[in-house]
Amino acid sequence: MKRREFIKNSALAGAAIGFPTIVPSSVFGKNAPSNKINIGQIGCGRIARDHDLPGVMQHDIARIIAVSDLDSNRMADGKKLVENYYTKKMGQAYLDVKQYADYKDMLENKDIDAIVISTPDHWHSQPAMEASLAGKHVYVQKPTSLTIREGRQLVDAVKKSGTVLQLGTQQRSSEQFRYAAELVRNGRIGKLHTVKIGLPGDPAGPEATPMPIPKNLNYDMWLGSTPEVPYTEIGVHPATGYDRPGWLRREQFGAGMITGWGQHHYDSAAWGMDTELTGPRYIQAVAEFPHSGLWDVHGDFYAKAEYDNGITMYSGGSYPNGIRYEGTEGWIWVSRGSYVASSSDPVAQGNSAKALDASDPKILKSVIGPDEIQLTRSTEHHGNWLGAIQGNNELLSPVEIGHRSCSVCLVTHISMKLGRKLEWDASKEQFIGDAEANAMLGRPQRAPYGTNHIKI
């Protein structure tokens, strides 16, 4: 069948059943007016519902056509949310969103151009790698990876595939973080020497007895590459509703707030420090850890990182939530202000309500000239990703930069656990003269899951 006849017949068939024909964007070419980027959503929980699904669906160049989740109830809720959004937007039933109990089946769907990954932290790198190697563009929530070794594997996979992968470090798309970094990079506070970052910890939790695994949850696959442990609701996610899940507070599935919020702030700080593609030379951290209970991620902490360019970065719960750049001629403070990514963000907004401040108000009125350093601009992070897929703009949070900012979090966490100062070789991604610390760059992976078995 000739191409023109195929498209005509497909359109007639789509009209007959009341839903649009799903045709991959590659059929039309990136500049065709009828072009849509067909997207599959992996993970339909809190961050997907509050942030990623709305973030993608607001853009007309994108269309979510499939959802996947290991909790069938959440997957059905995700399907309903997407269909209701498009029905309201279009004024009529518009799309029959396909459901996949296993995301790997979704990756085989040739109609899908791109994947959004909004899963727990231990399920970021593997599907991102597999999606990239399947030729899908990827938007993946931070943190980039569970370990530094996984992060490097993901970078290698994306480089091989040539796909467009955006990390969900959406602070880069907030104007105040970009502007603060530009002011610092262009010397408005003199020579930068110190950065102070406020990050919260997590509280300890109760003991939890094993519970029957819900019939709607594929718990073995949910555990993924991590060890097999008994199911309990406060260790996974709420059986009903979308409050902050318990897995965020378990080291089995992540490092806690040091990666949960840390990647945002360390990433933004690196923008101003001009250290996006490297890391600290020395890192020293101390932290409080629970002595009992199911939730075992760090509480309050304090860390000091020293960089080869002479900048020292301090971070911990004693500072207000945000970033303070200090130079020889003044300081700049930047935070999220009133912005929240989800309704259950754990930090009171009063602690960081002022989005931008400086030692001298004149600093914040400074205009960045055309011959000065101007950083990539974006008004919305998902839109920046979609535009980069179509070749219309520069990608704001590419995988190598995302890996490096996550690595700062993870080396800090390793120092927390060991309780000593470490020397880090960012070029080799190894600690110098510390076999115990280097053994923590990866984790054992439970078959058949994990990144180690993926051929790059």
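Which residues is Val-82 in contact with, leaving aside its neighbours within four places in sequence? They are Leu-53, Met-57, Ile-64, Val-67 and Val-97. Contact means heavy atoms within 4.5 Å.

## Basis

This is a predicted model: local features need pLDDT of at least 70, side-chain atom pairs count only at pLDDT 80 or more, and totals for chains, interfaces and linings use all residues. Residues are numbered from 1 along each chain as its sequence is written, and side-chain values use heavy atoms, with hydrogens and water left out.

## Nonpolar cores

A nonpolar core is a set of buried Ala, Val, Leu, Ile, Met, Phe, Trp, Tyr and Cys residues joined through side-chain atoms within 4.5 Å. Buried means under 20% relative accessible area, exposed over 50%, partly exposed in between (1.4 Å probe, protein chains only).

The largest core has 61 residues. Val-82 is among those with the most contacts inside it, as are Ile-39, Ile-64, Ile-115, Leu-165, Trp-222 and Trp-385. Strand 2 (residues 62-68) gives the most, with 5 residues. Helices (H or I, at least four residues) and strands (E, at least two) are DSSP runs, numbered from the N terminus. Domain 1 (37-170) and domain 2 (173-204 + 251-377 + 398-453) both contribute residues, so this core lies between them. The domain bounds come from an automatic or database domain assignment. Apart from this core lies another, of 47 residues, including Ile-148, Ile-323, Ile-368 and Cys-409.

Six strands form an open sheet in the order 3-2-1-4-5-6, with parallel pairing. Two strands pair if DSSP finds at least two bridges between them. Strand 3 (98-100) and strand 6 (165-167) are at the edges, each with a single partner strand, so one side of each has no neighbour in the sheet.

Strand 1 (residues 37-42) pairs with strand 4 (residues 114-117) over 4 bridges. Gln-41 has Val-116 of strand 4 as its bridge partner.

## Helix 6

Helix 6 (residues 148-161) has 14 residues, which should span 20 Å at 1.5 Å a residue; its end C-alpha atoms are 20 Å apart, which agrees. The expected span is 1.5 Å times one less than the number of residues. Its buried residues include Ile-148, Leu-154 and Val-158. Among the elements covering them are helix 5 (125-133) and helix 12 (399-418). Gly-162 follows helix 6, with a positive phi near 75°.

## Backbone exceptions

Most residues other than glycine have a negative phi, and most peptide bonds are trans. The bond joining Lys-142 and Pro-143 is cis, with omega about -5°. Pro-143 sits in the loop between strand 5 (137-140) and helix 6.

Glu-429 has a positive phi, near 55°. Glu-429 is buried, at 11% relative accessible area.
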